[in-house]
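Trainee: I would like to take a close look at a single part of this model and go through it step by step. Could you guide me once it is on the screen?

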Amino acid sequence: MAHVGCGIDIGGSGVKGALVDLDTGEFIGERVRIETPQPSTPDAVAEVCKQIVEALGVGPDVPVGIDFPAPIIHGVVPFIANLDQSWEGVNVETIMAEHLGRAVTVLNDADAAGLAEVAYGAAKGHPGTVIVTTLGTGIGSAIIVDGTLVPNTELGHLEIDGRDAESHASSGQRELQDLSFKKWAKRLQRYYSHVEMLFSPDLFVVGGGVSKKSEKFLPLLDVKTEIIPARLLNTAGIVGAAYEASRRA
Ligand code: BGC
């Protein structure tokens, strides 16, 4: 029988979940998606997670991992950029356990995506310091050194040229400001050279929905570090959350 986990990815527009084959990193069956409730308060979002677990028919012994678009320090959200502000100070593990009636593992969304890329995707088997960035509404980051995650790195909030990096260089800003890929790539260039200078990584993996179109912007970037698109694309958060839940179970 497959080694199975359940992953749920909480985003600004949708909450998505699936059962994951942890031997291959692939989904088992269909993904379930429910719109993120507005306002996206803790109780409303936890209720949606419950509906997803029910819809997937997750058995009692299957570990459930949930990823979240904010740092998670021992279960608690210290600050949040892209969901309802009432999450600040909330223990996500506790509120999810109350609604779902079971223990869950909660981690940052980019950390989940990073773990998935290292375990099953673009960075599989890559030694040294791997930095996975997710370009979406915000910019998420994961630093993984020889397979070990340094959690909650929040490199999207680096201050570069007096600005919060994600408020200038995220894919969401590209869309909002209707930037061409060429113009956006200039902002990414500034971002990745800065991160490269700070961390001297061995590999950059670029994820988030826009990495489907990586050929439009990655070739425009001039960094010394190898920089490659993510492989798991929009499944990475779910797969990484399921993977981490099973590791902590
Ligand atoms: C949050 C990070 C998150 C990233 C991507 C940022 O605004 O602070 O925790 O990983 O967005 O969702």
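Trainee: Which residues of H3 are buried?

Mentor: Bearing in mind that this is a predicted model, the buried residues of H3 are Ala-110, Asp-111, Ala-112, Ala-113, Gly-114, Leu-115, Ala-116, Glu-117, Val-118, Ala-119 and Tyr-120. That makes eleven of its twelve residues, so H3 is largely enclosed by the rest of the structure. The helix covers residues 109–120, and from its first C-alpha to its last it reaches 16 Å, close to the 16 Å expected at 1.5 Å a residue. At the N-terminal end the cap is provided by Asn-108, which has a side-chain oxygen 3.0 Å from the backbone nitrogen of Ala-110.

Part of the surroundings of H3 is helix H7, residues 236–248, which packs against H3 at an angle of about 85° with the two axes 7 Å apart. Because angles of 65 to 115 degrees count as roughly perpendicular, H3 and H7 are described as roughly perpendicular to each other. On the H3 side, the residues that meet H7 are Ala-112, Ala-113, Leu-115, Ala-116, Glu-117, Ala-119 and Tyr-120, while H7 contributes Ala-236, Gly-237, Val-239, Gly-240, Ala-241, Tyr-243, Glu-244 and Arg-247. Sorted by class, this contact has ten nonpolar, two polar and three charged residues. Glu-117 of H3 is one of the residues in the contact with H7, and Glu-117 is also among the buried residues of H3.

Note on methods: Residues are numbered from 1 along each chain as its sequence is written. This is a predicted model: local features need pLDDT of at least 70, side-chain atom pairs count only at pLDDT 80 or more; totals for chains, interfaces and linings use all residues. Side-chain values use heavy atoms; hydrogens and water are left out. Axes are lines fitted to C-alpha atoms, for helices over the stretch in contact, and angles run from 0 to 180 degrees between N-to-C directions. Helices (H or I, at least four residues) and strands (E, at least two) are DSSP runs, numbered from the N terminus. Angles under 35 degrees count as roughly parallel, over 145 as roughly antiparallel, 65 to 115 as roughly perpendicular and the rest as oblique. Contact means heavy atoms within 4.5 Å. Ala, Val, Leu, Ile, Met, Phe, Trp, Tyr, Cys and Pro count as nonpolar, Asp, Glu, Lys and Arg as charged, and the others, Gly among them, as polar. The expected span of a helix is 1.5 Å times one less than its number of residues. Buried means under 20% relative accessible area, exposed over 50%, partly exposed in between (1.4 Å probe, protein chains only). A polar contact is a pair of N or O atoms within 3.5 Å; within protein, one must be able to donate a hydrogen and the other to accept it, and residues adjacent in sequence count only if both atoms are side-chain atoms.
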